[in-house]
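Subject: Structure handover

Hello,

Here is the structure I said I would pass on. My notes on what turned up in it follow below.

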Amino acid sequence: MLLDNPDDLWRVTAVGVLTYVLLVGVLRASGKRTLAKLNAFDLVVTVALGSTLATILLSGDVSFAEGAAALVLLVALQFAATWLSVRWAPLRSALKSTPTLLLHDGELLTASMRRQRITDNEIRQAVRAQGVGDIAQVAAVVLETDGSFSVITRERIGDGTALSDVTRGAVR
């Protein structure tokens, strides 16, 4: 019950070491983007990589070569999708969301907040995390595509060009 076949342990150990080395090599070769903060597309790829790794390790029905091919294929597809999305706007729109403005000139944009399911407490927390004590000092709070918040104070807004790709929603 605890150990059906000792050979299975050796298989998992050997395949695990080989797969680990392969996965680290493939991820390093694929670039920093694969390991960056995750948006929805990157999360799917990461979950698929994890699932494939588990299958390779634990399923005796999948050979190392098949598993290695699956890992390389997933990373190659992710690389191709990101390469194409940089060059073709419709694919970029399909794969990635756009940043959303949640606070503008010290005022909460409740319609945008509702659409993104963000509470005013979450925005206040993001503002405090930046060391700002007065929301009136904040020019913008943006919900980024990876789910993080960017807080830009009035003194640092400059000409606002950093907000050019932000969905503005209900800005007056």
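Ser85 counts as buried, because its relative accessibility is 5%, under the 20% cut-off. Please keep in mind that the model is a predicted one. Ser85 sits in helix H3, which covers residues 64–87. A polar atom of the Ser85 side chain lies 2.9 Å from the backbone oxygen of Thr82. Leaving out residues up to four places away in sequence, Ser85 touches Leu91, Arg92 and Leu95.

The buried residues of H3 are Gly67, Ala68, Leu71, Val75, Gln78, Ala81, Thr82 and Ser85. The length of H3 agrees with expectation: 24 residues at 1.5 Å a residue should span 34 Å, and the end C-alpha atoms are 35 Å apart.

**Overall layout**

The protein has six helices and four strands. Along the sequence they follow the pattern α-α-α-α-β-β-α-α-β-β. Of the 172 residues, 29% are buried. The accessible surface comes to about 11,100 Å², and carbon and sulfur atoms account for 60% of it. Among contacts between residues at least 6 apart in sequence, 56% join residues at least 24 apart.

**The sheet**

The four strands form an open sheet with antiparallel pairing, in the order E2-E1-E3-E4. E2 and E4 (149–153) are the edge strands, each pairing on one side only. In general, the strands of a sheet pair through backbone hydrogen bonds, in either a parallel or an antiparallel way.

- E1 and E3 (residues 138–143) run antiparallel and are joined by four bridges. The bridge partner of His104 in E3 is Ala140.
- E1 and E2 (residues 107–108) are also antiparallel, with two bridges. Here Leu103 stands opposite Leu108, and His104 stands opposite Glu107.

E1 and E2 form a hairpin with two residues between them, and Asp105 in the turn has a positive phi of about 50°. E3 and E4 form a hairpin as well, with five residues between them; in that turn Gly147 has a positive phi of about 90°. Five bridges join E3 to E4, again in the antiparallel sense, and Leu143 has Phe149 of E4 as its bridge partner.

Nonpolar side chains tend to be buried together in soluble globular proteins. The largest nonpolar core here has 13 residues, and those with the most contacts inside it are Leu102, Leu103, Ile123, Val127, Val138, Val141 and Val151. E1, helix H6 (120–129) and E3 are the elements that give two or more residues to this core. Apart from this core lies another, of eleven residues, including Leu23, Val45, Val75 and Ala81.

Which residues does Leu103 touch, not counting residues up to four places away in sequence? They are Leu108, Leu109, Ile123, Ile135, Val138, Ala139, Ala140 and Val141. Of these, Leu108 is the residue that stands opposite Leu103 in E2.

**Met113**

Met113 lies in helix H5 (residues 110–116). Its relative accessible area is 6%, so Met113 is buried. Setting aside neighbours within four places in sequence, Met113 is in contact with Leu102, Leu108, Ile118, Thr119, Asp120 and Ile123. Among these, Leu102 and Ile123 belong to the residues with the most contacts inside the largest core. Met113 and Leu103 are ten residues apart in sequence, and their C-alpha atoms are 8.7 Å apart in space.

Regards

Methods: Residues numbered from 1 in each chain as written. Predicted model: local features only at pLDDT ≥ 70, side-chain atom pairs only at ≥ 80, totals over all residues. Heavy atoms only, no water. Buried < 20%, exposed > 50% of the residue type's maximum accessible area, 1.4 Å probe, protein only. Contact = heavy atoms within 4.5 Å. Areas by Shrake-Rupley, 256 points an atom, 1.4 Å probe, with all protein chains shown as cover. Polar contact = N/O pair within 3.5 Å; in protein donor to acceptor, adjacent residues only side chain to side chain. Pairing = 2+ DSSP bridges. Core = buried A, V, L, I, M, F, W, Y, C linked by side-chain atoms within 4.5 Å. Expected span 1.5 Å × (residues − 1).
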